[in-house]
Structure formats: structure tokens, C-alpha cells
Amino acid sequence: GCRPIMSIPSGSRGCNEILNDTRPDVLKDIHRAYFAAGADAVETNTFGCNLPNLADYDISHRIRELAEKGTALAREVADEMGPGRDGMARFVLGSMGPGTKLPSLGHAPYAVLRDAYTEAALGMIDGGADAILVETCQDLLQVKAAILGSQRAMEQLGLRLPIITHVTVETTGTMLLGSEIG
């Protein structure tokens with residue numbers, strides 16, 4: 001018989017990161033398509049491997065595991081496809097999303113978020129990430145938690161990787177909380 005496109009455990013509907021475990025074939029096909037189309041780098045399917053997102057599904061204990069699995073899938077495809085244009089290596093960027101809780105607003109304690117980001121970064125590094133991509137941040141304290149958490153992971157493992165950080169700026173010119181990027 002045919003397998004369903006999405007195999008989602010009960011209570012995990014909407015949790016894309018669970019697919020790192022249940023449908024690695026689909027994710028590898030997506031990474032492969034990006035590289036085949038000429039991409040030099042792919043992001044991992046780990047945007048929601050953070051405490052607030054996975055806690056919503058009662059699987060926050062799986063942050064490191066799902067981050068490692070998602071990164072390893074991208075790494076496997078990058079290595080399988082070999083160098084891209086002009087012999088340039090294929091890169092895997094460990095995607096680290098902001099989550100749904102903003103520490104500046106007291107939604108979650110800073111140190112708890114930082115430590116969860118450490119777990120995510122440990123998984124991404126173990127999975128073969130070339131860099132950590134801290135994405136779509138809306139709260140500078142959350143940015144700090146993600147960066148310092150990633151740096152702590154690198155210290156634990158005795159290596160350094162680039163950290164790339166994106167922030168989201170509203171049409172007003174400030175971040176969601178009203179912070180100016182300066």
C-alpha cells in the first residue's frame with residue numbers, strides 16, 4: 001500500500017520538526033531539489049526545535065534529537081550531491097527559529113530559553129551543520145539567548161562555527177517590541 005505523505009504522531013499535527021523522525025525521505029527530497037536547482041546552501045528543518053514550539057506538542061525533551069536528525073538529513077544530501085557550481089562545497093545552515101515566547105515580555109525565563117538553544121545547537125553541530133542561522137528574531141533578548149546558547153554548545157564541543165542572525169523589522173522601522181536595531 002501507499003504511505004501517506006505526512007505521517008504525524010497523535011498530537012503532533014503542525015509540528016514540522018517531527019518529520020525529521022517520521023518522514024526523512026520527504027525532507028531529503030526537498031533538500032535535493034534545492035541543490036539541484038542551484039542552491040549552494042540549504043536550511044535544516046529545525047526552525048521549531050526550540051523550547052516554546054516543541055513544548056506546545058509535549059516533546060520539548062526532543063529538542064537536541066530532532067535538531068540533530070534534521071541537520072543530518074540535510075548534511076547527508078549535501079555530501080551525496082557533492083560540490084556545486086565551480087566546485088564550491090554545499091552548505092548546511094542549522095535553522096534556529098525564535099519560538100513563540102519572548103523573554104523581554106516575560107513569556108519565558110531568559111536562562112531557560114538560552115539553555116534550550118544550547119541543546120538545539122548541540123544537535124545541529126552533531127548533525128553536521130556548517131553554520132547556525134538564528135532566524136526572524138523579534139526580541140533582542142531572544143537573539144542574545146540563541147547566540148549565547150549556540151556559543152555555549154560550541155564551547156562544549158570545542159569548535160567554532162559561524163552564527164548568522166536575522167531580525168524581523170516592522171514597517172515602522174523597529175522590531176515587534178519597538179526596539180530599534182541600533
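Helices (H or I, at least four residues) and strands (E, at least two) are DSSP runs, numbered from the N terminus.

A word on the model: it is predicted, so local features need pLDDT of at least 70 and side-chain atom pairs count only at pLDDT 80 or more, while totals for chains, interfaces and linings use all residues. Residues are numbered from 1 along each chain as its sequence is written, and side-chain values use heavy atoms, leaving out hydrogens and water.

Let's stay with helix 4, residues 63-81. Its buried residues (under 20% relative accessible area, with a 1.4 Å probe and protein chains only) include I63, L66, A74 and A78. Among the elements that cover these buried residues are helix 2 (24-36), strand 2 (91-96) and helix 5 (110-127).

Now look at the largest nonpolar core, which has 28 residues. A nonpolar core is a set of buried Ala, Val, Leu, Ile, Met, Phe, Trp, Tyr and Cys residues joined through side-chain atoms within 4.5 Å. Helix 5 gives the most to this core, with eight residues. V134 is one of the residues with the most contacts inside the core. Leaving aside neighbours within four places in sequence, V134 is in contact (heavy atoms within 4.5 Å) with residues including M96, A146 and I163. A second, separate core of six residues includes V42, A74, A78 and V92.

How values were computed:
The expected span of a helix is 1.5 Å times one less than its number of residues. Buried means under 20% relative accessible area, exposed over 50%, partly exposed in between (1.4 Å probe, protein chains only).
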